[in-house]
Amino acid sequence: MNIHEHQAKQLLKEFGVPVPNGIYGFSVSEIIKKSKILNTEKYVLKAQIHAGGRGKAGGITIASNIDELEQAANQLLGKILITHQTGPKGKKVERLYVEEASNIAKEFYLSCLVDRKSSKIAFISSVQGGMDIEETALKNPEKIITTKVDFKEDISETDCEKIIKVFNLEYDAKDQGIELIKSLYKMFREKDASLIEINPLILTKENNIVCLDAKVILDDNAIFKHPEHLELRDLQEEDPTEIEASKHGLSYIKLDGNIGCMVNGAGLAMATMDIIKLFGETPANFLDVGGGASKEKVSSALKIILSDKNVKGILINIFGGIMRCDVLAAGVVDAAKEIKINVPLVVRLAGTNVEEGNKILKESKLKIIPASDLSDAAEKIVKEIN
């Protein structure tokens, strides 16, 4: 689950991580009123959207006084920001964040995330932080250092020193850096985060370490442990169809293609999307109905797929393990009869009760095209829409 920068910084503060003082608001009048409590000669105004690259898109402005801040806020609030992460449609700025300006001496990059291959927590650090970190990764990857840490109750002093070594901090700043790593590690574990990214992490001219920007992603699968995280969710930043899918326990991500996909299992879903591309078309979505989907869940999934006007055909690819093929087939038939599917529908079933499932599809007398395997399914749906 993505959260806004001001929410991320509030979480960081709770764990003792140094961040600039700041306020947020949903209107210009609210922003100006709250900003008067800040103790600064300059104000940094930031658009709050779930996307990186705000600075290059005009989403971050420095104001020298309250009047300039008000003028900038009026220009930014309600603006559509288009960055490399928003897509061509961009995102509308619905809230703003203002913080005290910092005296920057050096900028660094720091993040931590789960390294699934090694089952460790990976800290990534670089002396080249800021807006051009992506360019650094492409042109000078040797300047980005990865330190993998065993998942333990506490992080060791040795690991902390390895992570910040690239920053070449001295004396008190080095001590601050070590404490920062300890705090980030504690927050990462206790909040079940999947990513904490500080870009830039700065050393001020006063020799203090400060997190100037922050991106935090919280693990959706841990919501049951952290119900308070739901209060951080901004539905205006999410696709309405994805919100509807979550209500039915479906993992759905809208894409730009024209073949709707319904699969059980994330790995199988990825393979299905890959083979659609292999046969020359593009998937319209990622949709995982899970291992124990009911007929109602399958029906909801089909309705969500068909709500996308770009969908010209549907490929259902199910391996019956926990989920039985006959249950899936019954769900498909019920949904098809209810919503009157008017695009080609190819179904490939395998696994538990596959014969019963195929029988249900055949006896339905609906225009459902059976497929023997995944390649056959992809070839048939691509042929049907062309």
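I began with Glu 30, which is partly exposed at a relative accessible area of 25%; here buried means under 20% relative accessible area, exposed over 50%, and partly exposed in between (1.4 Å probe, protein chains only). The model is predicted, so I note that local features need pLDDT of at least 70 and side-chain atom pairs count only at pLDDT 80 or more, while totals for chains, interfaces and linings use all residues. Residues are numbered from 1 along each chain as its sequence is written, and side-chain values use heavy atoms, with hydrogens and water left out.

**Glu 30**

I placed Glu 30 in helix α2 (residues 28-35); helices (H or I, at least four residues) and strands (E, at least two) are DSSP runs, numbered from the N terminus. The side chain of Glu 30 makes a polar contact of 2.9 Å with the side chain of Lys 34. I take a polar contact as a pair of N or O atoms within 3.5 Å; within protein, one must be able to donate a hydrogen and the other to accept it, and residues adjacent in sequence count only if both atoms are side-chain atoms. Leaving out residues up to four places away in sequence, Glu 30 touches Tyr 24 and Gly 25, where contact means heavy atoms within 4.5 Å. I also looked up Leu 96, which is 66 residues from Glu 30 in sequence and 9.8 Å from it in space, C-alpha to C-alpha.

**Salt bridges**

I searched the whole structure and got 20 salt bridges, each defined as a side-chain nitrogen of Lys or Arg within 4 Å of a carboxyl oxygen of Asp or Glu.

Arg 95 and Asp 234 form one of them, at 3.3 Å, N to O. Arg 95 sits in the loop between β5 (91-92) and β6 (96-100) and Asp 234 in the loop between β12 (215-218) and α7 (240-247), so the pair links distant parts of the chain, 139 residues apart. Both Arg 95 and Asp 234 are buried.

Lys 148 and Asp 115 also meet in a salt bridge (3.3 Å, N to O). Lys 148 is in strand β9 (residues 144-149) and Asp 115 in strand β7 (residues 104-115), so this pair ties together parts 33 residues apart in sequence. Lys 148 is partly exposed, at 44%, whereas Asp 115 is buried, at 18%.

For Lys 191 and Glu 228 I noted a salt bridge of 3.9 Å, N to O. Lys 191 lies in the loop between α6 (171-190) and β10 (193-204), and Glu 228 in the loop between β12 and α7, 37 residues apart. Lys 191 counts as buried at 14% relative accessibility; Glu 228 is partly exposed at 34%.

Salt bridges with shared partners join Glu 5, Lys 9, Lys 46, Arg 54, Glu 99 and Asp 213 into one network.

**Helices α5 and α6**

I looked up how α5 (residues 157-164) packs on α6: the angle is about 110° and the axes are 9 Å apart. The two helices are therefore roughly perpendicular, a label for angles of 65 to 115 degrees. On the α5 side, the contact residues include Cys 160, Ile 163 and Ile 164; on the α6 side, they include Gly 177, Ile 178 and Ile 181.

**Asp 376**

Last, I located Asp 376 in helix α12 (residues 374-385). At 17% relative accessibility, Asp 376 counts as buried. A polar atom of its side chain lies 2.9 Å from the backbone nitrogen of Ser 372. With residues up to four places away in sequence not counted, Asp 376 touches Pro 370 and Ala 371.

Key
Axes fitted to C-alpha atoms, helices over the stretch in contact; angles between N-to-C directions. Parallel < 35°, antiparallel > 145°, perpendicular 65-115°, else oblique.
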